[in-house]
Amino acid sequence: MTVETTYRRHDRPLWRRLLLRPEAILIFAIILIVVLSIIGIPNYLRPNPGYTFTTLLLNAVPILILLLPLTLIIATGEIDISVGSILGLSSASFGLLFEAGVPLPLAAVLSVIIGGLIGAVNGFLVTIVGLPSLAVTIGMLALVRGIAVGILGTTSVTSFPPEVTSFVRSSIPGTPVPWLIVVFVVLAIVFGVLLHFTAFGRGVFAIGLSSETAAFSGVNVNRTKFILFVLSGLTAALVGVLFTLQYSNAIGSNGNGFELRAITAIVLGGVSIWGGTGTLLGAIVGGLFIATVNKSLQVLGIGDDAIYVITGSALIVSVVIASVASVISTRRRVTTSAT
Amino acid sequence: MTKQSFWSWLFKARELSLIVVIVALIAVTTVTQPQYLFSEGGLRDLLRTPTLYIALAVGQAIVMITRNIDLSMGSILGLTAYFCGNLFHEAPWIPIPVVILLTLVFGAVLGAVNGFLVAFLRVPALVITLGTLYAYRGISVLWIGGNFIRPEWVPADFKKFALSNVFGVSNLLIVALIVVLIAGWFMTSRRTGRDLYAIGSNPDAAVLYGLRTKWLTFIPFVISGTLAGLAGIVYVSIYATGDSKVGLGFELQAVAAAVVGGVAVAGGAGRIWGVALGAFFLATLTTALPVLSIPSLWQQALVGVLIVGAITLDRVFFLIRLRQARKELSA
Amino acid sequence: MSHLLELHGVTKTFGAVAALAGADLVLDAGSIHALVGENGAGKSTLVKIIGGLHGRDGGEFLLDGEAVDFKSTADAKHHGIAVIYQEPTLFPDLTVAENIFVGRQPYTRLGFVNRAEMRRATLELTSRLGVVIDPDREARGLSIADQQIIEIAKAISLNAKVVIMDEPTAALSGIEVERLMGIARQLRDEGKGIIFISHRFDEVFELCDTITVMRDGQYIATNAIADVTVDEIIKQMVGRSVENLFPKQEATIGEVVLDVAHLTRAGVFEDVSFQVRAGEIVCLAGLVGAGRSEIARAVFGVDKYESGTVTLDGATVPRHKPSAAMELGMGFVPEDRRKQGLAMTAGVQTNITLAIRNQVAKAGFITSKLEQGPADLWARRLQVKTRALDTHAVMLSGGNQQKVVLAKWLATNPKLLIIDEPTRGIDVGTKSEVHRLISELAGTGVAVLMISSELPEVLGMADRVLVVREGRLTGNLSRADATAETVMYAATHAANEEVAK
């Protein structure tokens, strides 16, 4: 008889698991940037009204919401680069419907449904037709943006009721926290629980780790992916409505390039672009990191243009680091287990 | 004709159907508005704008044949166009051919950055080129700012080249033909070209066969960068102007032209002259839209329809052919 | 006189697993040399080292009497070594001719790939091999036999001195096997050295002149075929008597649990009907490619089927829906544990609880804490050797990985467990442990449907043996009736008949 002992839960000690992970490193980086900015940049804490922490959060919220379902899609090893365009179409249709006399709430609901339908088309083409999600969503990126720009033409809708738009921009009384953050937090909890604390989420990661193993374990791979694409469409469209109200402006080009910012945040936050690993918290922290860098740059007076370069480079650097790290850990794994 | 041969015929007839569609499109547009074809400027535009699309599409096609993608082509176009125009402006003493050569080398270097990251650091092409799409565009914006290429910068000889023709064929169309011929020769008749099809068709087998997969992954990005640089030069020669937004979204047009021209999204298949026809079709569509009183705003939506439609149809045809082949095998 | 190819004391480890622990092989020109051994004996690893796909950790490697050290497959090819894998890996989009000449296409004087020459050479090669394949058709959709012919044609055109065939006949029909053997003889007569790997002793004894046996990554013996018998070879391969290896317990056999009726999938399997009872171990035997795994996969619902029914404990199992099959009490330990059984870069706990993720959840929510209990319990019951519950599966040895897969499915508390190749590629010690586990499992009344390519394992474990040949059940043998001869006869019978015709 062997003596039955319970296994250790974790291979590595707690401090290493907590500190040596992308989320922790990013949080340190954020704190570092803020501290350095407070010391180095005059007026960082009391900037002109355009650069307060409230505006930082307001600017970051659309990306933060957008990346929630996208993180789940990337965790399955797929990708959706049409989210920015869906945001734009939702914004355009919301504006047009409102202008046509449809009540504001109904216009919002209809726009969100349209987003869901586009997500369903993505999901259908990826799962049933069996096309690569990259090719499908590149096509939809062009198609959906094209429709958004086409239906609104060169005009824009700005006549939203001021009481609604100012409410969307407003903060919880007595705090610098905008109401939109509440929307984000609620959705983040929903998606976080879905990914990390349900059987569905276990299936999502399993698909990313090995879709065959997932299928053999009873995960309905196609249905899971389809649901995620629909969720991504719905969420992107919701952001489109909120974004439109936030800036009181419905134009077809809203959300241009947001897919890049969302993917950057997710990859930066330690979610593997190959699928299977990562946390939603990491992706969110990644989004906050980008927002913090942006704010410091803005207060410094470096314009929006530099942000393109920085976001693009950050994306490349983060995947390169992830790739190099995985090569190193594979090597170490081979050498340690060989000895 | 058996069912299978019908489907494979239809698949192979891609180029033929593209020619038919292009001719029909030109015919319809001309009937609507005769100046479209029967005016000096009309014919000229019809025959020279495709060069831009063909250069981009051929580059994109070569990358896609190896099962990768280059989303940074539009940004490289923008950056190289300004590079070229600025060189004319700042260093007018440099001969035009040298400027062209330097611009092509600049494009090749920008492409090589993509190629290096994808091939040697094994990061997915989508992520890398999405990153450089923005990084290169950002560099353009920082560098150019509110400035733009001014017509007076561009040497008269250079502008004249784009307007002239040889025996009635636009010079630029000849450039496009040369690109297609060289690329076609390289892809169909050189070992390296054939090996590019091989790694796209089955990357695992390519490793097993001892093909130099890293090198073969790297090369196409250099080619696409160079061709995006050529597109930049062509852009300057046609328009003799341009701000920091030049080439915005052109990577999508390139993808559309490639898939419409028959490049498989899963790699391994696609002919260069089919891609050239796809690009020609897209260019014709762009000039025909306003004439057919469809606002050019809808152009991007059409690009999207073309991409989604082409890849879906290809996939459906592929599944049908596969089923036929299986039936034949088990029979 | 030096030999064509000589390997001495070759070693190779992958992570914690020693795949080769001293392999020897001596091949002469003009010889067909059989390399045999159980699955996991190290044959494939040896082949990959010769072919330049893996480097060796130690040992000697001589080609024509000179020490060589291949850096890549291209290097090996350059030295005249060609490997034909069981499942050829062609480029589906390229033509047949291009597949033969990929990477070394002939040029015309003008610098064009010379298609006419490639075509001509391909036709010459295929006609020499006595087959008709259109050189201009794309490789996609070719039968496995034709794909192998292309690989052989490539080997010939490369002027290979050494041709290695890794289980080439596994997926071929009788006529195709004859054709392949004819080609092998032809190559031998031209003075090439051929290494022939096969599990089919009739082929080995008919074709080869020399035989080398491997076991557990080690060289056992080399003999002239004329000097040995099948029994002797089997004894060398197994290295111990079958009874000790498989400690089968007697179990009471109960009611019918699984009832499969007239299961058909065109071109794969046809009209397959059988039952498995509680406490019974039923083995699906047959040659690789006969359709055993495909039948099992269809029963579980991973694959589709066209007609027929699957019933579990009286309830109809819906088609193509593994989750429903699992709910009804079916479990499936798949053939390829790395790709199908495990998430290699996930922890032991994640892997064990993946199939019971719905049961572990409380009010729909799962936490790592909730998973820990069952993970710990089943890892302990199966004595999985791991540093911790979050150690990635990739870090474990093959045997422990297999235990994790078994734990994952035992945790579902199945009424029927399908096990495809339970001991492929795991060490001897763990092997008998796995056999004991399966036997104990049957003892508790679970119905077991097992697939194995190792005849001793089949004979040692099964209460009943179902033999599959070309997608049809050709034998239903009780434990008493099942012998190596009766099973092999049912597995190959029709193939022989076809040849006789």
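Of the 339 residues in chain A, 52% count as buried, a residue being buried if 20 or more other C-beta atoms, placed from the backbone, lie within 10 Å of its own, exposed if 12 or fewer do, and partly exposed in between. The model is predicted, and local features need pLDDT of at least 70, side-chain atom pairs count only at pLDDT 80 or more, and totals for chains, interfaces and linings use all residues. Residues are numbered from 1 along each chain as its sequence is written, while chains are lettered from A and ligands numbered from 1 in the order in which they are written.

Chain A holds 14 helices and zero strands; here helices (H or I, at least four residues) and strands (E, at least two) are DSSP runs, numbered from the N terminus. With a radius of gyration of 21 Å, close to the 20 Å that the globule rule gives for 339 residues, chain A is therefore as compact as a globular protein of that length. This radius is taken over C-alpha atoms, and the rule is 2.2 Å times the number of residues to the power 0.38. The C-alpha trace of chain A spans about 80 × 55 × 35 Å along its principal axes. Two residues are in contact if their C-beta atoms, placed from the backbone, lie within 7 Å. Among contacts in chain A between residues at least 6 apart in sequence, 78% join residues at least 24 apart.

Now to chain C. Strand E19 (residues 464–469) of chain C has five of its six residues buried, so it is largely enclosed by the rest of the structure. Which strands pair with E19(C)? Strands pair if DSSP finds at least two bridges between them. Strand E13 (residues 281–286) of chain C runs parallel to E19(C), joined by five bridges, and Leu284(C) stands opposite Leu466(C). Strand E20 (residues 472–478) of chain C runs antiparallel to E19(C), joined by six bridges, with Arg464(C) opposite Ser478(C). E19(C) and E20(C) form a hairpin with two residues between them, and Glu470(C) in the turn has a positive phi of about 45°.

Finally, the contact between chains B and A takes 38 residues from chain B and 39 residues from chain A. On the side of chain B that touches chain A, two or more residues come from each of helix H6 (125–144), helix H12 (250–260) and helix H14 (299–330) of chain B. H6(B) gives the most to this side, with 14 residues. The residues of this side divide into 29 nonpolar, six polar and three charged. Ala, Val, Leu, Ile, Met, Phe, Trp, Tyr, Cys and Pro count as nonpolar, Asp, Glu, Lys and Arg as charged, and the others, Gly among them, as polar.
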